[in-house]
Amino acid sequence: MGSRTAGTQQAALRKSGGLTPEQMVQFYRTMYLSRRIDDRELLLKKQQKIFFQISCAGHEALLVAAGMAMRPGYDWFFPYYRDRAICLALGNTVTDQLLQAVGAGTDPASGGRQMPSHWTSVPLNIVSPSSSTATQCLHAVGCAEAGVYWNARPQAALGSYGAGDYRKFKNIHFHNDEVVYTSIGEGSTSQGEFWEALNTASNAKLPVVFVVEDNGYAISTPVETNTPGGNISRLIANFPNFHFSEIDGTDPEESFRAMRDAVAYCRARTRHTPVLAFSER
Ligand SMILES: Cc1ncc(C[n+]2csc(CCOP(=O)(O)OP(=O)(O)O)c2C)c(N)n1
């Protein structure tokens, strides 16, 4: 009986990608919290206290998995506007997110200067995005390139232009095994920035995890209108140097296993390969 129980527990651990029951509860709580904040913001918008609301609904499992597989304040994050749940998993609080939503002067992300859902946190390494969709992919590639360059040439950042140690000035630290996360909706993959980012990440073998969240629509435009063949996975599966994964992003355990493997692959600098994961419609 005892060994059967141990066997069952081990099978459950394998299925969850190594997450303990306590971590699974935390996983669910973060998913639920994300949905509750979305619901509250929708109410605030109807009360005209928020002028812009973007929902993470349906994306929570994949995003909490990503947050739990990565290291806040150590890895780097270039999410897109649907990524509320990864920010919560990394350590953003409800107060942080609501202050940003209403554009409060006390908003820790930007003092109320950024748009709502333009996720930003200096201590968590969540980098403030542009509203131009897909540009975050190039920012992520630039960050990964900077990390690889500075890790290989620690003297390069030292004061050659008289400004002192640039990294200390900007409070930026690379550790030689950090991973860079970026995400994008499937509709925005039709933009050049996405393909430029893939080209450089592939050629330079950069440690970037690209997450394409395919929810079937670019806001309202069906995926078939944007993507030749209607499936972005098919178009990019054969890029050189990619570790590639297509998953059901509404399945928490499958999502965590995929994210864990993708992050480990990049962190190990096996081939410095970018990784692609996909959310299912
Ligand atoms: C360069 C650019 N073009 C257009 C827009 C307007 N816009 C914002 S979101 C969006 C659709 C994006 O769809 P998708 O990438 O599938 O993300 P989803 O919101 O569906 O998750 C568009 C066209 C923009 N922000 N930037």
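Gly 103 follows helix α5 and has a positive phi, near 70°. Helices here are DSSP runs of H or I with at least four residues, strands are runs of E with at least two, and both are numbered from the N terminus. The model is a predicted one: local features need pLDDT of at least 70, side-chain atom pairs count only at pLDDT 80 or more, and totals for chains, interfaces and linings use all residues. Residues are numbered from 1 along each chain as its sequence is written.

Stay with α5, which spans residues 94–101. Its buried residues are Gln 97, Gln 100 and Ala 101. A residue is buried if 20 or more other C-beta atoms lie within 10 Å of its own, exposed if 12 or fewer, and partly exposed in between, with C-beta atoms placed from the backbone. Seen down the helix axis, the buried residues of α5 fall within an arc of 105°, so they line one face of the helix. That arc is taken from the directions from the helix axis to the C-beta atoms. An α-helix has 3.6 residues a turn, so residues three or four places apart point the same way. The cover over the buried residues of α5 includes α2 (21–46) and α4 (84–90).

Now step back to the whole chain. It has 11 helices and seven strands. Of its 281 residues, 39% are buried. Among contacts with a separation of 6 or more, 71% join residues 24 or more positions apart. Two residues are in contact if their C-beta atoms, placed from the backbone, lie within 7 Å.

Next come the strands. Strand β2 covers residues 180–185, and six of its six residues are buried. On one side sit Val 180, Thr 182 and Ile 184; on the other sit Tyr 181, Ser 183 and Gly 185. Both faces are covered. Strand β1 (residues 76–78) pairs with β2 in the parallel sense over three bridges. Two strands pair if DSSP finds at least two bridges between them. Trp 76 stands opposite Val 180 of β2.

Strand β3 (residues 208–213) also pairs with β2 in the parallel sense, over six bridges. Tyr 181 has Val 209 as its bridge partner in β3. The chain runs from β2 through helix α8 (residues 192–204) to β3, a right-handed β-α-β crossover. Right-handed means that, with the strands pointing away from the viewer, the path from the first strand over the helix to the second runs clockwise. Ser 183 is bridged to Val 211 in β3. Six of the six residues of β3 are buried. Val 208, Phe 210 and Val 212 lie on one side, with Val 209, Val 211 and Glu 213 on the other.

Turn to the ligand. Around it are 13 residues, and Thr 133, Gly 185, Gly 187, Ser 188 and Ala 218 come nearest. A residue counts as near if its C-beta atom, placed from the backbone, lies within 6 Å. The shell divides into three nonpolar, seven polar and three charged residues. Ala, Val, Leu, Ile, Met, Phe, Trp, Tyr, Cys and Pro count as nonpolar, Asp, Glu, Lys and Arg as charged, and the others, Gly among them, as polar.

Finally, look at Thr 227, in the loop between α9 (223–226) and α10 (232–236). Thr 227 is partly exposed, with 19 other C-beta atoms within 10 Å. Leaving aside neighbours within four places in sequence, Thr 227 contacts Glu 186, Thr 189, Ser 190 and Ile 232.
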